[in-house]
Amino acid sequence: MRHFDLIIIGSGSGNAILDERFSDWDVAIVEKGVGSTSSYGGTCLNVGCIPTKMFVHTADVARTPSEGDALGVDLRRTGVRWSEIRDRIFGRIDTISESGKRFRSEENPNVTLYEGIGRFTDTRQLVVETSAGSETISADRIVLAAGGRPVIPEIAGIENVAYHTSDSVMRLEELPESMIILGTGFIGAEFAHIFSSLGVEVTMIGRSGRALRAEDVDVSARFTEIAERDWDLRLNRTEKSVTGDDDGVELHLDGPGGPETVSARTLLVATGRRPNSDLLDTAAGGIATSDDGKVKVDATQRTSVEGVWALGDISSDHELKHVANHEERVVQHNLLHPEEPVESDHRFVPHAVFTAPQIASVGLTEQQAREHAINYISSTQDYGGIAYGWAMEDQDGFAKLLADPSTGQLLGAHIIGPQAPTLIQPLIQAMSFGIDARSMARGQYWIHPAMPELVENALLGLEWD
Ligand SMILES: Cc1cc2nc3c(=O)[nH]c(=O)nc-3n(C[C@H](O)[C@H](O)[C@H](O)COP(=O)(O)OP(=O)(O)OC[C@H]3O[C@@H](n4cnc5c(N)ncnc54)[C@H](O)[C@@H]3O)c2cc1C
Ligand SMILES: NC(=O)c1ccc[n+]([C@@H]2O[C@H](COP(=O)([O-])OP(=O)(O)OC[C@H]3O[C@@H](n4cnc5c(N)ncnc54)[C@H](O)[C@@H]3O)[C@@H](O)[C@H]2O)c1
C-alpha cells in the first residue's frame, strides 16, 4: 500500500489545489473520467458550464432572426452545421482536458495520477480500480472533490430506451428533428434554448405548475409564459412510462387533461444531480453525509474525519462552479496553513441560467422573504422603461430588487432579460460590500443610455425611511 501526503479525489475543482507550494508534497490524484469520453478535468470543463455556454452563444446567434422582425430587419437562418458546431466546441475542450491530464501525469514529478474509481476501505484509505487492476492507497490528508452525476428518475421502461443526459447530449451524431426534455430546471432550460434555437422541436415536461420554480416567483412566472410561447411546455405532468425504438421515444404522461403521450426522436433527462458519495463509499471511510448524500462539512470545509476535506458539488448546497472554486481556495489555504484556517463565505451566492431570456439572481427571493417573515420593500424596473430597452424593443425583461425597509441594504436581486448575468454583478458587489441602495444609485455615474440604467432605476425605485 502506497502512502501519500495528500490524495485528491476528482480532477475538476480539486485539480486547481496544486500549485508550486505543494511541489514537495507527495500527491495522488484519483480520477475516473467524466462524460462519454471519460475525460479529465471534471464536469464544468467537459460536460458542464463551458461547453454548454459555447453552445448557448451559438444558439443566441442562431435565434437572432426571431429578434430582427420587431426591429424591421428581415433575417433568415438558412442552415445549422451541427457537426461543425460540435467539433469546433469539443476541438477546444478536448485539447484543454488532454493537456491538463498530460501536465499532471507527465510534468508534475510529485504527482501520481490514478485513473479509475476510488472507494474508501478504511479511514483515509482507498482502493482504486484502474485498468491495470486495483491498488490500495492511503494519505495523511484527503480532499473529496468528486462532484455529482445526473439523476435518472424511475420511470417504467426507462432502462429499455435510449436517452441522453447532459453528459452525452452535446456530442450527438446528428441534430434530431425533435426532443423531449424532462425537467424544467437549469439544465432543461439551457438545453431547450440551445436545441430549439438550432431548429429542434422541443417538448418540455415539468411536474409543477411553473418552469424554473426555484427562481423568484415573478421571474419564474415570466419565464414560464415565455417558455410556453417558444416550446411545447407541458406542466403539472407525471411520467407513467416510456417506450421506444430506433425511430424515437414515446413518453406516457398523466396531466390535467388526463393521460397523454408525447413522442420525439430524442429524450433528454434533466431531472437534477446527485452527489458521488455513494461511488466513494464515504461510509467506509467514516465520513458523515446528509440524507441527500452530500458530505457534511464545517465552515472550513473539514468533514467529520480528521484530515479529510470536501468541496464543490459533493458537499455544497450550491452546485455551481464559482462556489466550488471558492471552496477549493479555502481548502488549499487550510491544507497549507492548518494553524490559521479560513472559512468559506456563502452569504451572497449568485447564479445565472443561460436560457432565453437570460436569468440571474442573488440573495432572497420574494417567496423566501415571506416564508421567513423578513420585512422587505421591493422595486421592479422593466427593460421596456429604459432607453436601451426601447432600442431592443424588449417586452419581457425586468429587474426586481428586495431591500431592508429600515437600512436600504439589498436582500435580493433578480433579473430576467438580455445580459442578466452581466447586469447583476454590481448588485452582488453592493450586497457583498454592504452598500445601501441610495448610495449605490446616486454615489456613482451610470453610463447613458446603457443597459445598467435598468439597475440604476430599479435601485431608485426602492423607497425607505
Ligand atoms: C450541463 C451543466 C451545465 C452547468 N453550467 C454551469 C454554469 O454555467 N455555471 C456554474 O457555475 N455551474 C454550472 N454547472 C455546475 C458545475 O459544473 C459544477 O458545480 C462544478 O463542475 C462542480 O465541480 P466539482 O469540482 O465539485 O465537481 P466535478 O467537476 O464534477 O469533478 C468531480 C470529478 O470527480 C470524479 N470522480 C467522482 N467520483 C469519483 C471516484 N469515486 N473516483 C475517482 N474519481 C471520481 C469525476 O469523474 C469528476 O471528474 C453546470 C453543470 C452541468 C451538469
Ligand atoms: N447556469 C448554471 O449555473 C447551471 C447550468 C446547469 C446546471 N447547473 C447546476 O446543475 C444542477 C443540476 O441541474 P438540473 O437542471 O439537473 O437540476 P435542477 O434541480 O435545476 O432541476 C431539475 C428539475 O427536474 C425536476 N424533476 C425531478 N424529477 C423529475 C421527474 N421525474 N420528472 C420531471 N421533472 C423532474 C425537478 O423538480 C427540477 O425542477 C443545478 O441545480 C445547478 O446548480 C448550473
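Trainee: Is Asp-313 buried or exposed in this predicted model?
Mentor: Count the C-beta atoms around Asp-313. There are 29 C-beta neighbours inside 10 Å. A residue needs 20 or more to pass the cut-off, so Asp-313 counts as buried.

Trainee: Where is Asp-313 found?
Mentor: Look at the elements on either side. One is strand 15, residues 308-310, and the other is helix 8, residues 321-336. Asp-313 is found in the loop between strand 15 and helix 8.

Trainee: Which residues does UniProt list under "binding site"?
Mentor: The feature comes from an unreviewed UniProt entry. UniProt places it at Lys-53, Gly-118 and Asp-313. These positions spread over 261 residues of sequence, and in space up to 30.2 Å between C-alpha atoms.

Trainee: How exposed is Lys-53?
Mentor: Lys-53 is found in helix 2, residues 49-62. It has 16 other C-beta atoms within 10 Å. That number falls between the cut-offs of 12 and 20, so Lys-53 is partly exposed.

Trainee: Which residues come nearest to ligand 1?
Mentor: Start with the shell of 36 residues around ligand 1. By class, this shell has 14 nonpolar, 16 polar and six charged residues. Elements giving two or more residues to it include helix 2, strand 3 and helix 8. Coming nearest are Gly-10, Gly-12, Gly-42, Gly-147 and Gly-312.

Methods. Residues are numbered from 1 along each chain as its sequence is written. Chains are lettered from A and ligands numbered from 1 in the order in which they are written. This is a predicted model: local features need pLDDT of at least 70, side-chain atom pairs count only at pLDDT 80 or more; totals for chains, interfaces and linings use all residues. UniProt positions are given in the numbering used here, feature names are shortened, and annotations may be inferred rather than shown by experiment. Helices (H or I, at least four residues) and strands (E, at least two) are DSSP runs, numbered from the N terminus. A residue is near a molecule or strand if its C-beta atom, placed from the backbone, lies within 6 Å of it. Ala, Val, Leu, Ile, Met, Phe, Trp, Tyr, Cys and Pro count as nonpolar, Asp, Glu, Lys and Arg as charged, and the others, Gly among them, as polar.
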